[in-house]
Every structure is written in structure tokens, then in C-alpha cells.
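Subject: Structure for your files

Hello,

Here is the structure for you to look through. Notes on what was found in it follow below.

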Amino acid sequence: YFRNMQKDIVKRKPRPPVESMEALKEKIETVERNYSSNFMYRDGLHELSAIVKAYFEAKTGMEIEEMTSLEISKRIKDKKVGEFFYTLSTLQFGKNNPLKSEFDEVFTEAKVVAGVTEVTKPKAKAKSNEIVRPGR
């Protein structure tokens, strides 16, 4: 009986290997170039979603491909990742087509969330009455 049952058990698909940062960055940039030049922003966002979800699936081991943005944000505790997926799904399934600026912003955020680009913070400017000494 148990031998027959083992045949019916569906084996979980093996975890895909985590892509190198360079390969992931190249994929994201290629999708951005292809869909930006054709003004097909919504289609580009769908493809970006598949790429980033596959990356996080490989990285965390969770099957997130079919999850909603709310489910992803509950499972992955990083607030920035949750916000990214919420913004992405809002633009993907929104009533209006996304604007070019929104499209570009989501792709920039995708690179930051996936870790292929570091967040650059603007340097604080010295006040006019402060003396700035080099090397301190």
C-alpha cells in the first residue's frame, strides 16, 4: 500500500540555483531596454515580476511565484521588498497604463531590492558657517 502511495506523491521541484548578480542585473536591464523603447511598460513590468520572483524563490527557497504582493510581504520580512512588490503589482494591474517615470523607478528599485545596485545617499552639504577639514 505504501509503495503505491509513494508513486502518487508529487515531488517538489528542485530549487533553481541563485543567479549571479551580474546575470541578474543584465536580465533586468535587458527587459528595461526592450520594453522602454517599445513603450510597452505593462508587459515589461510583468516580465520584471517574473524575474524578481524567480530570484527570490531561488534565494529563499519559498515558492512565491503565485503569491500576491501582500502574501510576499508577510513571508519575506524585509519591508523594502514588500513595498517593491506592492508598487510593482499596483502598476501591473492598475486601471491606467504606467507612465515612463513610474516604469523607470520600478526598474531602479528592482535592482536595489535584488541587491545588484547599492542605494546611493546624497552627501550632506556643509553649512556655510562650518569649517570643513579634509580627512575628518
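What covers the buried residues of helix 6 includes helix 2, helix 3 (41-60) and helix 5 (79-93). Here buried means under 20% relative accessible area, exposed means over 50%, and partly exposed lies in between (1.4 Å probe, protein chains only). Helices (H or I, at least four residues) and strands (E, at least two) are DSSP runs, numbered from the N terminus.

This is a predicted model, in which local features need pLDDT of at least 70 and side-chain atom pairs count only at pLDDT 80 or more, while totals for chains, interfaces and linings use all residues. Residues are numbered from 1 along each chain as its sequence is written, and side-chain values use heavy atoms, with hydrogens and water left out.

The buried residues of helix 6 are Phe103, Val106, Phe107, Ala110, Lys111, Val112, Val113 and Ala114. The end C-alpha atoms of helix 6 are 21 Å apart, which agrees with the 21 Å that its 15 residues should span at 1.5 Å a residue. The expected span is 1.5 Å times one less than the number of residues. After helix 6 comes Gly115, with a positive phi near 85°.

**The chain overall**

The chain has 6 helices and 0 strands, in the order α-α-α-α-α-α along the sequence. Of its 136 residues, 32% count as buried. Among contacts (heavy atoms within 4.5 Å) with a separation of 6 or more, 67% are between residues 24 or more positions apart.

**Helix 2 against helix 6**

Helix 2 (residues 21-37) packs with helix 6 (residues 100-114) at an angle of about 175°, and their axes are 10 Å apart. That makes the two helices roughly antiparallel. Axes are lines fitted to C-alpha atoms, for helices over the stretch in contact, and angles run from 0 to 180 degrees between N-to-C directions. Angles under 35 degrees count as roughly parallel, over 145 as roughly antiparallel, 65 to 115 as roughly perpendicular and the rest as oblique.

On the helix 2 side, the residues in contact are Met21, Leu24, Ile28, Glu29, Val31, Glu32, Tyr35 and Ser36. On the helix 6 side they are Lys100, Phe103, Asp104, Phe107, Ala110, Lys111 and Ala114. These residues divide into 9 nonpolar, 1 polar and 5 charged. Ala, Val, Leu, Ile, Met, Phe, Trp, Tyr, Cys and Pro count as nonpolar, Asp, Glu, Lys and Arg as charged, and the others, Gly among them, as polar.

Helix 2 has 17 residues and reaches 24 Å from its first C-alpha to its last, close to the expected 24 Å. Its buried residues are Leu24, Ile28, Val31, Glu32, Tyr35 and Ser36. Seen down the axis of helix 2, they fall within an arc of 115° and so line one face of the helix. The arc is that of the directions from the helix axis to the C-beta atoms. Their cover includes helix 3 and helix 6.

**Two residues to look at**

Phe39 is in the loop between helix 2 and helix 3. Its phi is near 60°, a positive value in a residue other than glycine. Most residues other than glycine have a negative phi. Phe39 counts as exposed, at 62% relative accessibility.

Gly44 is in helix 3 and counts as buried, at 0% relative accessibility. Leaving out residues up to four places away in sequence, Gly44 touches Val31, Tyr35, Phe103 and Phe107. The C-alpha atoms of Gly44 and Asn34 are separated by 7.9 Å, and the two residues are 10 apart along the chain.

Regards
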